[in-house]
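Subject: Structure handover

Hello,

My notes on it follow below.

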Amino acid sequence: MENKITVSFSPHIRDRVNVEYLMFSVVVALIPALIGSVYFFGIRALIIIILSSLSSLLFEGLAQKAFGRKITIGDGSALITGLLLAFNLPPNVPYFIPIIGSAFAIIIVKQFFGGLGYNFINPALAARAFLVVSWPSFMTKGFLPPRFGSLSGIDGITQATPLTLLKDTRLMNPTAYPKLVSQFSSLPVLKNLFFGSVGGSLGETSAFLLLLGGVFLLINRVIDYRIPLSYLATVFFISLFHKIFFQNAVSPLFHLFSGGLILGAFFMATDYVTIPITPKGRVIFGIGCGILTMLIRLFGGYPEGVCYSILFMNVLTPFIERYTKPRIYGR
């Protein structure tokens, strides 16, 4: 009888889902985009991904050793940080960039606050923001045209990625802006954006490959549908209203498929540690990300808004949880 009873502290519910299962499920979901990045940008993309991943694992182990904590580099969390950081880097950045970014993400953002489960913002996105501020020329001009594609997604225009080209043309060449809007709303360009024949960061180029991974996570219930659905729906409806009420506005599909929106919605806005745990809170979180992303894209000075919108909503997570927690019966 004694051998049939396990005495332990709560919680007592046992399940196959643990940290390793969740983390390596995300790694599997990222594989299509990883293969796509190597196909689009060549062996240099693979080197950046390897440098970022190995650096994250190394800094995780060193930091845990220095802080006297248990070494947990095998749980997959540091590997995911390295992969997501690499996915947020332009393909032509110097090789020290992913190493510095990994050190910032793991040591400063994650381990200084206690390690896995204690960081209050997404480590990979925080590292991207740090790198953009520290080395703006590498992070904003290190883009390359993909294999069988062009940097802008439009034949003959090679100076910028789609979002940057749209923003720069609106501000500096208003007479050419209507024609560009028409081109970016055309089916061939939208097709290029969806399948990845445009320039961009390593892992965000192909919306199709990212959606494959996102659907895999949803089917296996690794992530909650509320955040990606509310995030993407908010971006779609704001861009639709903008299209209806403003003459020179690109298609809502352009905003959905361009930049890092799909990557952010499925893989970074769903980070377990930095998002609300309440269902209502997660919907509010996704809507907030969508509103901020579109405000930055339409009215801000920065062409992309995904990174800063998620980081800002990460900071608001405690307040969202405070006002969306279920009411105790009788109170």
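Predicted model: local features only at pLDDT ≥ 70, side-chain atom pairs only at ≥ 80, totals over all residues.

Lysine 110 is buried, at a relative accessible area of 3%, where buried means under 20%, exposed over 50% and partly exposed in between (1.4 Å probe, protein chains only). Lysine 110 belongs to helix 4; helices here are DSSP runs (H or I, at least four residues) numbered from the N terminus. Leaving out neighbours within four places in sequence, lysine 110 is in contact with Glu60, Ser77, Ala78, Ala105, Gly115, Leu116 and Asn119, contact being heavy atoms within 4.5 Å.

Residues are numbered from 1 along each chain as its sequence is written, and side-chain values use heavy atoms, with hydrogens and water left out.

Helix 3

Helix 3 (residues 77-87) is largely enclosed by the rest of the structure, because 11 of its 11 residues are buried. Among them are Ser77, Thr81, Gly82 and Phe87. The cover over the buried residues of helix 3 includes helix 1 (19-41), helix 2 (43-66), helix 4, helix 5 (123-134) and helix 13 (261-268).

Aromatic pairs

Rings of Phe, Tyr and Trp (its six-membered ring) are paired if their centres lie within 6.5 Å; planes under 30 degrees apart count as stacked, over 60 as edge-to-face and the rest as tilted. The count by this rule is 15 aromatic pairs. One of these is the edge-to-face pair of phenylalanine 96 and phenylalanine 138, with 6.1 Å centre to centre and 80° between the planes. That pair links distant parts of the chain, 42 residues apart: phenylalanine 96 is in helix 4 (residues 96-110) and phenylalanine 138 in helix 6 (residues 136-141). Phenylalanine 96 is partly exposed at 34% relative accessibility, and phenylalanine 138 is partly exposed at 30%. Phenylalanine 113 and phenylalanine 120 also pair edge-to-face, at 5.1 Å centre to centre and 70° between the planes. Phenylalanine 113 is partly exposed at 43%, as is phenylalanine 120 at 40%. Ring pairs also join Phe96, Phe104, Phe130, Trp135 and Phe138 into a cluster.

Arginine 147 lies over the face of tyrosine 39, 5.0 Å from the ring centre; the rule is NZ of Lys or CZ of Arg within 6 Å of the ring centre and within 35 degrees of the ring normal.

Helix packing

Axes are lines fitted to C-alpha atoms, for helices over the stretch in contact, with angles from 0 to 180 degrees between N-to-C directions. Helix 9 (residues 187-195) and helix 10 (residues 207-219) pack at about 45°, their axes 5 Å apart. Helix 9 is therefore oblique to helix 10 (under 35 degrees is roughly parallel, over 145 roughly antiparallel, 65 to 115 roughly perpendicular, the rest oblique). Leu193, Phe194 and Phe195 of helix 9 meet Ala207, Phe208 and Leu211 of helix 10. This contact has 6 nonpolar, no polar and no charged residues, with Ala, Val, Leu, Ile, Met, Phe, Trp, Tyr, Cys and Pro taken as nonpolar, Asp, Glu, Lys and Arg as charged, and the others, Gly among them, as polar.

Regards

Note on methods:
Helix = DSSP H or I, 4+ residues; strand = E, 2+ residues; numbered from the N terminus.
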